[in-house]
Structures are given as C-alpha cells and as structure tokens.
Amino acid sequence: MEIFGEILQVGFFAAVLRIATPLILATLGEMFTERGGVLNLGIEGIMLLAAMTGFTAAYFSGSLWLGILAAMLTGALAGLLMGVLTVTLGLSQHVSGIGTTLLCTGLAFFFYRLIFGQPSLPPNIEAFKTVPLPLLSAIPILGPILFNQFALVYGALLLVPLAALVLYDTPWGLNLRAVGENPRAADAAGVSVSRVRYQGLMLSGMLMGAGGAFLSMAQFNAFTFGVISGRGWVCIALVVFGQWSPWKCLGGALLFGFVDALQLRLQASGVIDIPYQLFLMLPFVLTIVLMALVSRSARPPAALLQPFRKEER
Amino acid sequence: MRGMSKSFGSVHANRDVDLILYPGDVLGLLGENGAGKTTLMNMLFGTYAPDSGTIEIDGRPADISSSADALELGVGMVHQHFHLVPTLSVLDNLMIGRPGAGGRLDRTSAGKRLSEIGQRFGLELPPDAMVSDLAVGEQQRLEIVKALFRDARILILDEPTAVLTPLETEALFTALRAMAGDGLGVIFISHKLYEVKAITNRVVVLRLGRVTATIDDTTDTTERDLAELMCGHEIVPPEKPPQEPGDVLLELEGVATAGGSGVALRELSLDVRAGEIVGVAGVSGNGQLELAELIAGIQPLTGGDLRITGELVLYPEPRSIQELGVGRIPEDRLSTGLIGSLPLSDSMVLPRVHAPPFSRYGVLSHSRIRHFVETQIERFRIQTAGPHIRTGTLSGGNLQKALLARELAFEPVVVLAAQPTRGLDVGAMQFVHERFLELRGQGGAVLLISEDLEELFLLSDRLAVMYEGRIVEVLPIEEATVQRVGLLMAGVEDAA
C-alpha cells in the first residue's frame, strides 16, 4: 500500500504525540484516583468544563498559562465535589461520576452561552504555539517528532516518569496504593483514608482539566461543545488497558493517538471511499477490542469502588 | 482504661470496663465471643470512639480518636483479620503511613530497622517478599513487626493463635516473652484457656461487656476456673452415648475432581451412616476444602459416584444437594455461608427463599421469614438486636449459630460441617457440638471436617485421614490415637 508510505512520515508521528497528549494527562489523572480506590467517571464532564473555563480565562486575560491554571483549578474543584459525594457521603462512585459529568457538561454549555452568547463565528484565541527545543529539535526525524511540540506535550511526557516516581517512591504514593488496596490496613497504619482519597481525586481533576484545556487551547483555538467527544471515556478504558501503571498508560494513549491520527490521514487522503464516520469509529473500536483482550488479566486495585467506613466490620 | 462504655444500637458491647496494664505484662483478656474484648481494644486503638470512659498512658490522659493517635502514643494492634496490603512487599507494608526522607520513601533505613527488630525479638522476615506470598504465620509476624516498627510499647493481639499451627504458636510466645522482657506491655486476647494459662501473667475476664474477674497471678488459677469465670457456669463436656449406626446416608466411591487452583481429589471413597459422626482429619490444604465443596455441589465431579440417601447424584449442584437433605456448614462463614451486607433475616433464608414457606409464586413472604428468623434467634440464643441487623455485625460465634440454625431448621439427614468451631469460644463450641450429637442421636449423619484434633476425637465415631487429596485411612475412633493420626496426616503410610 503506497498510501501508508505517504502517511507514515515525520508529521504523522508528531500528530500522534499531539493527539495522545490530552489522553496521557487525563489517563494519568484517572490512574491516580483509581489507585486510591475511587473511580472518577466525572472525567468526560470535567475535561469539557475545564476546556471551557481554560479557554474563557485565556480569552479574557490574554494569558494562555492563566487559562491552563483556571482549567486545573476547575478540575480540582470537580474532584472536590466527587470527594464529597463518594468519600464523605460514601455514595456509589458510578452514579456520582456520571452525575458529575452531567453537571459539568451542563455548566460548560450554560456559562459558555451566558458569556459568549451565540455568535455566528465562535470566538477564538491565539492558541499555544510549538516550542522547538534548541539543539534537540535539530536531530533528524526524532527532532521534529519529539522536540518541536507544544509545551504541554513536553509536560505530559515528563509527567509519566514523575507519576511513576510519585506512585512507587514517595510516602504519599505508597499511602495512596495502600488506601486503594486495603483501606482498613492503611487506616490502621494511621493514614487518613479520606484525606488521601480527596487528594487523589483533586489531583486527578487537575490532570483531567489540563487535558481538556489542551484540546481547546493547543489542539484547537476555540471551545466547541464537541471538543471532548468521548475522549474522557476512552481514558477510563486506557487506565484498565494500562493496568494502573503510568508507563503502560502512556503506551495505551500513544496507541490510541496512532490509530486516531491514522484515520484522520486516511480520511483526508480519500483513497478508501467509505463514509467518514467509519473512520471516526476506528480508535473507539480499537479501544473496545483492546479492552476485550486485556481486561481478562486486569487486576484493579482491590478496594476500587468501595466506600470506606470506619466503624464497620 | 477506666469506666469504658460503648454500645452499638441497643447492644451494650462494653459497660464500665476498667483495665490496667503494667510494663512487662502479658495480660490475658478473656471472654466469650461477643463479650466485648475486641470492642474494648478497638477503643484503645482509636478505631471506635468510646461513649464514655478515660484512657491514661504512662499516667497522662490520652485522647485517642484515631489509629494515628494510638500509634503516636505507642499503642499497636494486631487484628484478627490482618491489616496488610497483599500486593505490596513486606517493606512497603511497614512504610505505609510513615514519613519518608526528602520526599522519597526511605527503603534503606526501613530495611535496617526491620532486620534489627527481627533479630531482637526473633521475628525475622524477608523484606522484599510480597505479602500475598507469605504464610499466615509470617503475615502475623509482619503485623507484630509493624507495631514494633513504630515503637509500640503497648501491643494488642486479638486472638493471634486462631490462625497458627502449634509450632507457630510456640514461636509467637517466644517473641511475646522477649517483648515483655523488654518492658513492653502486651494484651493477649484469646478464648483458648491453655494458651492464656501458658503465656499470660495476669488475666482480666469479660462477660457480656463487663469485667467479671481480675486475676493478678495466672499461676494461681486453673483452666477450669478460667472457663467458669468466662461462661458464668460450669462446663460439662457433652455426652456421646454408644449407638449402632444405621443405613449409609452419604456415600463416595472413587470420586475425583479436577482440582483447578486447589488440590485434586483422587480415588476417594468414604461413607457416612445414619446416627454416625465421621471426622475428617488432615493438615490444611490436603483436599478437605475440596471434599466439602464436592459434596456441597460447588466443585464438579469428574469421576466416581456420589450417593446421598442411596440416590446417585450425577451432577451435584447446590440446590439439588440441599433438596436431598444435606445441610452445609461451610468453612468460611461470611464468604460462602452468610452474606455480611444483608440483614440477618435475608442471610438466614437465602438457600430456601425460592420455595414455600418463604415465598409463593415468586413473591417473598416477609412475615413468614421474620417469624422463622425470630424463632431461630430465640431457639439458638443468637445475640443480636433483631432480624433486621446487618449480618456482618454479628460476632463469629453468633454467625455460626445463625448458620447452624439455618441448616438444622429443615431437618437435614446429612450435615456437612467444615471447621465448624474455628474461632469460637468454649461456650459456642460446646453449643455446636451438642447440636451435632443431637442430630446423631436422631439418626442423622455428620461429616465433620476439622483441623482441631481434640474436637475430632471428642465427636467422631470414625475418623478419616486425608493426605494429598486422598483418604489414606479410616479408623474407628477406638483405634485412633493422636500419634497414629498425626503420622497419617503427615503422609506416613500406616504400618499398624
């Protein structure tokens, strides 16, 4: 197939990385909270709301980084809400998460309309520009792929080893894992289960928020209602695929990015003449297939989905 | 601890309890199940908040509202159910909730401390082993080390020997003596009298939430005295009148199972007759669990014949087995017996809820269920606030009573009992034994799988010994001696 030779070029791989970045951020976020035993199904809504608040903050302040900060703050607040529902009140994590997604989605639409009305042309911002790293970006092939990217791409990639370090090599990471595996044991060791779970949720919200904002502020330069379109749900699957480990989560995100970038190119090339919706489906079909293959051997944190109550046997 | 009180709903778990512990003490806290031993200790460890009472440590009032506070004050606790994270290493388990060094985990110094404690008290452990790979005795050792790791000076052990082999128990006692010698105070919760007698120097007896006796020198007392103090009445061993067995009610002929993750049964033959109790002895993990599950219809039969009351059961399934009149007391009360998160009433009718009297045309009859459960609570003296209480809040002995009540209520012809008295106190144990002998007297059959040899010798008419998935010998109880059975359990072929 000649077409693949044409597609698989430097620009393509740079695109893979770009597409994977919001997924890396949000997947790591989801991984952290799940390691602590809380599933955050608010992810889809949190990403959307943060994409909106980040964009809006950047639009009015003119500072992109202030936008990112606003997005992460939005995520942290949503994580706090999840904490109240699932940790303090001990409600079902599924229901709380879906509720949070619906609430955040509604808030995003509502405030966007309230602030911007219904303009014929959506307002846009001067989005993030790529930051070529001196020297490194001059390396042939690897340079343009890895080192001529948005700052957030570098950030997301650096976050992977950092996440692994935090998870496996710091007291907080150990406490988080203990809380997610056996909260009673953690409690008996003097760890505040609820505090750690709140922290996990807020951290996850911040990373999800950054992921959402990447879409409206780097990938695109405007906020649209379909900007997330299921990417949050994909991250839930990627965490399972990545078996709750930072490096494997990165692998999952890159694989998804690869297929998504591929279908975009195939679509644009017009070589295969089928309705474009079928192409759009591809990465999601892949997600389902991967899940079916991997989930058999997946071993989630033992206390995932279980609320922790102290005076109970 | 002075004037400690705590109630759960309308149940008074502790009423005005005083307890004093000196350095170098091994204090026995003795009482039946539900007497309030664990509740009292959970208050000292900050798991439960007392309704009233004060705690002083080293003469200073101690405000303990969480386990973190307790640990801070040098109180460590080894729970009956271990509080370990099975997917983490020994070392990581020790570091949970500990500050690191420079933001990182300090594995080097933790490892050093682990081996230090190990040498000092004879509690050595492999630092990098996964907890899930440790034997039960080692996991318990880790729990103790965890407390010492945090400089505990008061160590609470909640029924530590329930899960240990005699040899492991001996090792534990050696370590406890070393700790007491070091000036630590140890609180040893148990209802095994000979152990309390062997290891403790002082004893506090609890009954129905109150202190009924304090003994300042254990050597001054006898096991019999302790038993009476604990139960509030004299203990008379149950009688087993001689009796001719009748027809074969349960028959296994050359049965086999696939094994899977456990032991596969091979060519196993055994029969149990009416009016007979057949004991099954064996070192844990030699197929006893599989045998029970096979007869209960949980494990599929891959070879041989299973007959119940003479009827050939080709494909044993839990419901058909139950309909043939087999009552089942599973080894694990809460995972395959009762359901902890359901109300007691639901747990107690679950296996029969599909048919009258508990349901008609697919609709539950709540009044009949309630009536049934209330009757059983009354009959078996199950201590609970009522049928609506969550099953999981009952103590071990009461859970077992509930299970027995459920299985005996419909007049089973065969009772399949796996470890029916594990973790039970003297009173509850005797209750269970009496029920089995009662059934035997009425012409029922009991297959008693147990790791407690004393129990097997007390109840059995015949004793089968299992080794590696086979029954190596069936002895009439008159011919069985502890020594002979012990050798058979170890796989030594019978020479006699």
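This is a predicted model: local features need pLDDT of at least 70, side-chain atom pairs count only at pLDDT 80 or more; totals for chains, interfaces and linings use all residues.
1. Let's start with the overall build. Chain B contains 17 helices and 23 strands. Its radius of gyration is 24 Å, close to the 23 Å that the globule rule gives for 496 residues, so chain B is as compact as a globular protein of that length.

2. Next, what is inside? Of the 496 residues in chain B, 45% are buried. Now consider the contacts in chain B between residues with a separation of 6 or more: 68% of them join residues 24 or more positions apart. When you follow the sequence beside the structure, keep that percentage for chain B in mind.

3. Now for the domains. The domain assignment divides chain B into domain 1, residues 2–231, and domain 2, residues 248–489. Their C-alpha centres lie 32 Å apart. Where the two meet, domain 1 of chain B and domain 2 of chain B contribute twelve residues each. On the domain 1 side, helix H8 of chain B (residues 223–231) gives the most, with three residues. By class, that side of domain 1 of chain B has five nonpolar, five polar and two charged residues.

4. How many of the nine residues of helix H9 of chain B (288–296) are buried? The count is nine of nine, and the helix is mostly covered. Among these buried residues are B:Leu289, B:Leu291, B:Leu294 and B:Ile295, but also B:Gln288, B:Glu290 and B:Glu293. Just after H9(B) comes B:Gly297, which takes a positive phi of about 85 degrees.

5. Then there is a sheet to trace. Six strands of chain B form an open sheet with mixed pairing, in the order E17-E20-E21-E14-E22-E23. Which strands sit at its edges? They are E17 (326–329) and E23 (470–476) of chain B, each pairing on one side only. From one strand to the next, the twist averages 15 degrees.

6. In general, strands of a sheet pair through backbone hydrogen bonds, either parallel or antiparallel. Strands E20 (414–418) and E21 (445–449) of chain B run parallel and are joined by five bridges.

7. Helix H14 of chain B (396–408) touches E17 and E20 of chain B, and its direction makes about 170 degrees with that of E17(B). Helix H17 of chain B (482–489) touches E14 (276–281), E22 (462–467) and E23 of chain B; the angle between the directions of H17(B) and E22(B) is about 30 degrees.

8. Finally, let's look at the partner chain. The contact between the chains takes 20 residues from chain A and 23 residues from chain B. On the chain A side, the elements giving two or more residues are helices H8 (171–181) and H9 (183–188) of chain A. H8(A) gives the most to this side, with six residues. By class, the side of chain A that touches chain B has eight nonpolar, four polar and eight charged residues.

Note on methods:
Residues are numbered from 1 along each chain as its sequence is written. Chains are lettered from A and ligands numbered from 1 in the order in which they are written. Helices (H or I, at least four residues) and strands (E, at least two) are DSSP runs, numbered from the N terminus. The radius of gyration is taken over C-alpha atoms; the globule rule is 2.2 Å times the number of residues to the power 0.38. A residue is buried if 20 or more other C-beta atoms lie within 10 Å of its own, exposed if 12 or fewer, and partly exposed in between; C-beta atoms are placed from the backbone. Two residues are in contact if their C-beta atoms, placed from the backbone, lie within 7 Å. Ala, Val, Leu, Ile, Met, Phe, Trp, Tyr, Cys and Pro count as nonpolar, Asp, Glu, Lys and Arg as charged, and the others, Gly among them, as polar. Domain bounds come from an automatic or database domain assignment. Two strands pair if DSSP finds at least two bridges between them. Axes are lines fitted to C-alpha atoms, for helices over the stretch in contact, and angles run from 0 to 180 degrees between N-to-C directions.
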